[in-house]
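Welcome, and please take a moment to turn the model around before reading on. The paragraphs below will walk you through it part by part.

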Amino acid sequence: MVSEMESVLVLYPSPAMGHLISMVELGKLILKYYPSISITILTITPPFDTGATASYIAGVSSTTPSITFHHLSTTPLPRPVSSYPSFEALTSELLTLNNPNVHHALQSISLNSTVLAFIIDFFCTPALGVAKELNIPAYYFFTSSGTGLALFLYFPTLHRKNTQRFRDTNTIHEVPGLPPLPSADMPGPLLDRTSKEYESFLYYATHISKSAGIIVNTFESLESEAVKAIYDGLCVTDGPTPPVFCIGPLIATQGGHGGGGEKEYCLKWLNSQPKRSVVFLCFGSLGVFSEAQLKEIAVGLEKSGQRFLWVVRSPPSKDKSRRFLAPSDPDLDSLLPDGFLDRTKDRGLVVKSWAPQVAVLNHGSVGGFVTHCGWNSVLEAVSSGVPMVAWPLYAEQRFNKVMLVEEMKVALPLEESKSGLVTATEVEKRVRELMETEKGFNIRNQVKAMKEEAKAAMNDGGSSLVALDKLLKSCRQKQI
Ligand code: UDP
């Protein structure tokens, strides 16, 4: 029997702003439809945090006091942050070291409440054992796409079938629910089977299928083939597939950036632009370009003749100790071509470092989005009906690009040259194609249709709310 104590869901995001924001939105969604359940979110302040986590949490606490944040004490890393080869390697170690704190937190929460479930991020897999020890059912919240989930569930099988590094082969892989996938389009961490990242991802992928269930931030009709393959149990080949709940799209209702007045500034400028005329260029929380690449983008935008709102960040720092820190604001005059800002001032706005993306995408003057294909950005574009040009930069974005272009048909591809540089000519061509041609028009129509599907999924009786209901039933059943 479910006890009389308060029922709580404990959510555990990995320490990256995008993941924390998605978890908070999941908490808000659950609270909206199941207000009798309490939500507690376990948080860690990562060593590279500049105060953004604390200010975001303070913002959420003031607007949604019913979400409780339980801050875990910080476990020091055994070596300097700069010695970690990647963000993933650092996060993985941090989360593993943090397990005793998670154990302690879950135990103390359980004293006064019934923990219905422990909902963890993909990267928090090391905490799965803690939930098992305490006999708490563990669910995953997968913050990337349904196609990404299909691939990760099938990854242990791909690993067994192949012996070479994907990076070294030209093989086309068959993954249930996905179009044929060239090795080169695999997510970055899967390319080299000798790397630490690959080992970690294999470990995560092996464990996710053994959980009590998987929640995905997507809606069924956006990725119907992949979702069907997962539901049909085709992606997990060494046992049953756990229940999968597509509860999205969850869109950030509160930004993770301290309000520096960017919002008013961008929206005011957009108010003065014609309807659907502006191309928005923004590359996630971590996307940075070399100075040479920034110049190519500027020249391409200028030649395209299109209106634009472009978020520019400083190029990557050469100082290794700053590699995981947010870059300082760029010096636009020295980074962009001479006179560019002046020549384009009537039709272009360049903002430093950060723009209020959700508000921008929802502004009627925006007609196109050049994106790095991060999954939150994709969902935000789809939910606001804005067609995309796909320019993947890191993580699983190259893979997302293939799905956006070939499966969902909501984006045009941008081609890199052999050196990795995207030329000004390519930027000009794709931006024009999106804004002026029939190809762009077709993509726009497809995104508009998906926007309506997204709304329908989140309406009463819609697929995502039905899935949410099943999720809560599943959590409660595990208590009996
Ligand atoms: N974002 C924003 N302004 C920016 C850059 C990013 O509001 O200038 C937000 C964006 O709306 C999205 C998140 O940051 O919600 C980025 O998440 P995504 O999954 O797209 O990419 P990631 O940063 O995880 O690579």
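A helix here is a DSSP run of H or I with at least four residues, a strand is a DSSP run of E with at least two, and both are numbered from the N terminus. Keep in mind, too, that you are looking at a predicted model.

With those words in hand, let us begin with two stretches that come from a database record. UniProt, in an unreviewed entry, lists residues 109–131 and 137–155 under "transmembrane region". What does the model show there? In residues 137–155, 53% of the span is helix and 26% is strand, and the end C-alpha atoms are 24 Å apart. Residues 109–131 are 35% helix and 39% strand, with 13 Å between the end C-alpha atoms.

Now step back to the whole protein. The domain assignment gives domain 1, made of 4–253 + 460–478, and domain 2, covering 261–455. Between the C-alpha centres of these two domains there are 27 Å. Where they meet, 29 residues of domain 1 are in contact with 29 residues of domain 2. On the domain 1 side of this meeting place, the elements giving two or more residues are helix 1 (17–33), helix 3 (87–97) and helix 6 (146–161). The residues on that side divide into 14 nonpolar, 13 polar and two charged.

Val8 has Ser38, in strand 2, as its bridge partner.

In general, most residues other than glycine have a negative phi, and most peptide bonds are trans. Asn135 has a phi near 65°, a positive value in a residue other than glycine. You will find Asn135 in the loop between helix 5 (128–133) and strand 5 (138–142). The peptide bond from Gly248 to Pro249 is cis, with omega near 5°. Pro249 belongs to the loop between strand 9 and helix 9 (262–271).

Another open sheet has six strands, paired in parallel and ordered 12-11-10-13-14-15. Strand 12 (348–352) and strand 15 (411–413) are at its edges with a single partner strand each, so one side of each has no neighbour in the sheet. Neighbouring strands of this sheet are turned by 20° against each other on average, direction ignored. Within it, strand 10 (residues 278–282) and strand 11 (residues 307–312) run parallel and are joined by four bridges. Phe280 has Leu309, in strand 11, as its bridge partner.

Finally, visit the ligand. Which residues come nearest to it? Of the 18 residues around the ligand, these are Gly284, Gln357, Gly374, Asn376 and Ser377. Helix 13 (357–361) and helix 14 (375–384) each supply at least two residues of the shell, and helix 14 gives the most, with four residues. The shell divides into nine nonpolar residues, eight polar and one charged.

Conventions: Residues numbered from 1 in each chain as written. Predicted model: local features only at pLDDT ≥ 70, side-chain atom pairs only at ≥ 80, totals over all residues. Near = placed C-beta within 6 Å. Nonpolar A, V, L, I, M, F, W, Y, C, P; charged D, E, K, R; others polar. Pairing = 2+ DSSP bridges. Domains from an automatic or database assignment. Contact = placed C-beta atoms within 7 Å. UniProt positions renumbered as here; feature names shortened; annotations may be inferred. Axes fitted to C-alpha atoms, helices over the stretch in contact; angles between N-to-C directions.
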